[in-house]
Amino acid sequence: MNGLALPAALFAALAAVPLLSLPDYVMHLLITMLLTALAGTGWAMMGRFGLVSFGHGAFLGAGAYTMAILWNELGLTPWLGIPIGVAVAILAGVLLAYPAFKLRVVGHYFALVTLAAGEIVRILIVALREHTGGSLGMTPAKAPEGGAFLAMQFDKAGFWWVALIAWAGGLLAWRMLDRSMASKALAAISEDEDAAASIGIKVTAEKLKVTVISVTLAALAGALTAQYRQYLNPESLAGLGISLQIVFGAIAGGMYVPLGPTIGAAITIGLEEGLRIGFGTELTGAAPLVYGLLLVLFMLYLPRGIAGLFERRAKTPATAKRAPGEATA
Amino acid sequence: MDPFFLEALVNGILLGGVFALPALGLNLVFGVVDVVWLCYAELVMVGMYTVWFLYTQAGWPLGLAFAACLPAIAVLGLLLHLIVVRPLLSSPPINQVLATGGVLFFLQGAATLVFSTDFRSLGVDMPPMEVGEVFVSGTKLAAFIAALVGAGILWAFLKFTYVGTAIRAIARDREVMPLMGVDPQKIYLIASAVGGALAGLAACLLVVQLDVHPFVGLSFGPITFMICVMGGLGNMLGGFLAAFLMGLIISVGGFWGTTEFSYVVAFAFFIIVMFLRPKGLFAR
């Protein structure tokens, strides 16, 4: 277990960050980065095997809204609400993914099916406005005196630790998947489904496995983001916009390396804040403009993301040798 | 029959006409170039701004503004192909889709910078007409007829011109056609320009019905993709019919429930179609 020494040391160092008593704003950025990175890591779990989803926002929303509604209407603590929210998201994911995989919806078609599913979740959130507040969004009820822990309403340091654990958990899942036979099977599947099936790989089961991991991380990221912001709205937790942003972060950072999506999250959040500070709020339109430009440039010149720059020197994992989506029919 | 239900049916067909044009353009580009333009609805958005700007700000007559919109968006389609799509032609399809997704963000951002997020209205409306027991919005009817005429011209272009024949041939078999002396690069350019022009025409029809804002594309973009896929990506006739089916589902669904409910039904219908007939409703 020698390989774990460095990550463990790094984790300990990161856990000590609140001791630096950084300004609130910096902590806010760091926490947001970690949670964005978690969502991106979740997406890349599927994306790197050619399962490109344009609806991952829906899983953020499913996790976050389930948790918030349970807390507001039944007073159920988010400590239980989050696992339930994740379970709901997994259920939704499997309901969609199982027939999609079974009936071999791949490539473009898979991307568009997930896009439709993401839109359905967004519209449902808007339509169920009596519970969700519709487009205006909702806020989780304030915790009673002394109940902040139970309500998961921490200060910045507390959230840093929660986010850090969740993020590290995501990376651990990545590492475990990479070391298992499943990653070899998935790499084979993304190369050629028929050939993979012919050598005894259970295509649907393997794909479902990685989907469940991916959805879990995304739903967790959604619930924690909502809990951290103490505000939920459909635009930032479901629908095409946020889904594409997750994709952008993962692609920009590089989806074939565990830390790639985290680098991507640092870029997207840094970019957003940099533009906001640099140009002020009247130029809000500049952020998507620069995003879009970068996404195009990345696809043209750096399709493997920032992390792709360093890959040549590192030991390339078997799955990293190919570009995404080649399995498209 | 209940006149309100009849009205919902008529509105569904009219709505289908509006969806049909962007679906045709998207299918043309996909069928020929084999790339999904994720930013197609944003091209329409730029077209809507073009008409709005020329008509309300520059004071052009509406007809002239419409006439200018088509070539403007055709040029935009050309640029999109030359700058973004052509260098990626040999990349994996998902990279192509993501790059055009980048263009989607870029155009939204650019529109926000130039025009702000305010809703802009053309302020043109035609009086509703009464046909039997049913009231039909004049603007919607005019848009519907224009969409049919546009689709007809496209059909004639593809069917009776030399270039149109080459376009259809490339869509049929892109390996053999270069051997027959057709330059695929040139055909790709033409198809991109025609696809752009169709987005421009769709913009003219939409701008009289919807207010323009930078994110207006998101309100009809996803559904346009679903229509294309449902009809079978690249299958123009299938997409055309699917547009009317989708329009009817949304309109009739809205008659029985809320508008939101009708969109949920439409999207769920799409997913089920994908599961049962992944090559499209009208695949043989």
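# Two chains of a predicted model

Colleague: What share of the 284 residues in chain B is buried?
Modeller: This is a predicted model. A residue is counted as buried if 20 or more other C-beta atoms lie within 10 Å of its own. Of the 284 residues in chain B, the buried ones make up 53%.

Colleague: What is the radius of gyration of chain B, and how does it stand against the globule rule?
Modeller: Taken along the principal axes, the C-alpha atoms of chain B fill a box of roughly 60 × 50 × 35 Å. For 284 residues the globule rule gives 19 Å, and chain B is close to that, so it is as compact as a globular protein of that length. Its radius of gyration is 19 Å.

Colleague: Which pattern does chain B follow along the sequence?
Modeller: Chain B has ten helices and two strands. Among its contacts between residues at least 6 apart in sequence, 75% join residues at least 24 apart. Read along the sequence, the pattern is α-α-α-α-β-β-α-α-α-α-α-α.

Colleague: How many helices does chain A have?
Modeller: The C-alpha trace of chain A spans about 60 × 45 × 40 Å along its principal axes. Contacts between residues 24 or more positions apart account for 77% of those with a separation of 6 or more in chain A. Chain A has zero strands, and its helices number 15.

Colleague: What radius of gyration does chain A have?
Modeller: Of the 329 residues of chain A, 51% count as buried. A compact globule with 329 residues would have a radius of gyration near 20 Å. The value for chain A agrees with this, at 19 Å.

Colleague: Where in chain A is the pLDDT below 50?
Modeller: Chain A averages a pLDDT of 85, and 91% of the residues score at least 70. Among its helices, α10 (residues 203-229) of chain A has the highest confidence, at a mean of 94, and α15 (residues 305-308) of chain A the lowest, at 80. The stretch with pLDDT below 50 has 43 contacts in the model beyond near neighbours in sequence, and covers residues 315-329 of chain A. Where pLDDT is low, the predicted coordinates should not be read in detail.

Colleague: Which helix supplies the largest share of the side of chain A that touches chain B?
Modeller: In the contact between the chains, 44 residues of chain A meet 41 residues of chain B. Helices α4 (78-102), α5, α12 (240-253) and α14 (286-301) of chain A each supply at least two residues of the chain A side. By class, that side has 35 nonpolar, seven polar and two charged residues. The largest share, 15 residues, comes from α5(A).

Colleague: Which helix of chain A packs against the buried residues of α10(B)?
Modeller: The 18 residues of helix α10 (residues 259-276) of chain B should span 26 Å at 1.5 Å a residue, and the end C-alpha atoms are 26 Å apart, which agrees. Its buried residues are B:Ser262, B:Tyr263, B:Ala266, B:Phe267, B:Phe270, B:Ile271 and B:Met274. They pack against α8 (217-231) and α9 (236-256) of chain B, together with a helix of chain A, α5 (107-127).

Colleague: Which residues of α5(B) are buried?
Modeller: Helix α5 (residues 138-160) of chain B has 23 residues and should span 33 Å; its end C-alpha atoms are 33 Å apart, which agrees. What covers its buried residues includes α1, β2 (134-136), α7 (184-207) and α9 of chain B. An α-helix has 3.6 residues a turn, so residues three or four places apart point the same way. The buried residues are B:Lys140, B:Ala143, B:Phe144, B:Ala147, B:Gly150, B:Ala151 and B:Leu154.

Colleague: Is A:Ser21 buried or exposed?
Modeller: A:Ser21 lies in the loop between α1 (5-15) and α2 (24-47) of chain A. Its phi is near 40 degrees, a positive value in a residue other than glycine. With 9 C-beta neighbours inside 10 Å, A:Ser21 counts as exposed.

Notes
Residues are numbered from 1 along each chain as its sequence is written. Chains are lettered from A and ligands numbered from 1 in the order in which they are written. This is a predicted model: local features need pLDDT of at least 70, side-chain atom pairs count only at pLDDT 80 or more; totals for chains, interfaces and linings use all residues. Helices (H or I, at least four residues) and strands (E, at least two) are DSSP runs, numbered from the N terminus. The radius of gyration is taken over C-alpha atoms; the globule rule is 2.2 Å times the number of residues to the power 0.38. A residue is buried if 20 or more other C-beta atoms lie within 10 Å of its own, exposed if 12 or fewer, and partly exposed in between; C-beta atoms are placed from the backbone. Two residues are in contact if their C-beta atoms, placed from the backbone, lie within 7 Å. The expected span of a helix is 1.5 Å times one less than its number of residues. pLDDT is the predictor's confidence in each residue, from 0 to 100. Ala, Val, Leu, Ile, Met, Phe, Trp, Tyr, Cys and Pro count as nonpolar, Asp, Glu, Lys and Arg as charged, and the others, Gly among them, as polar.
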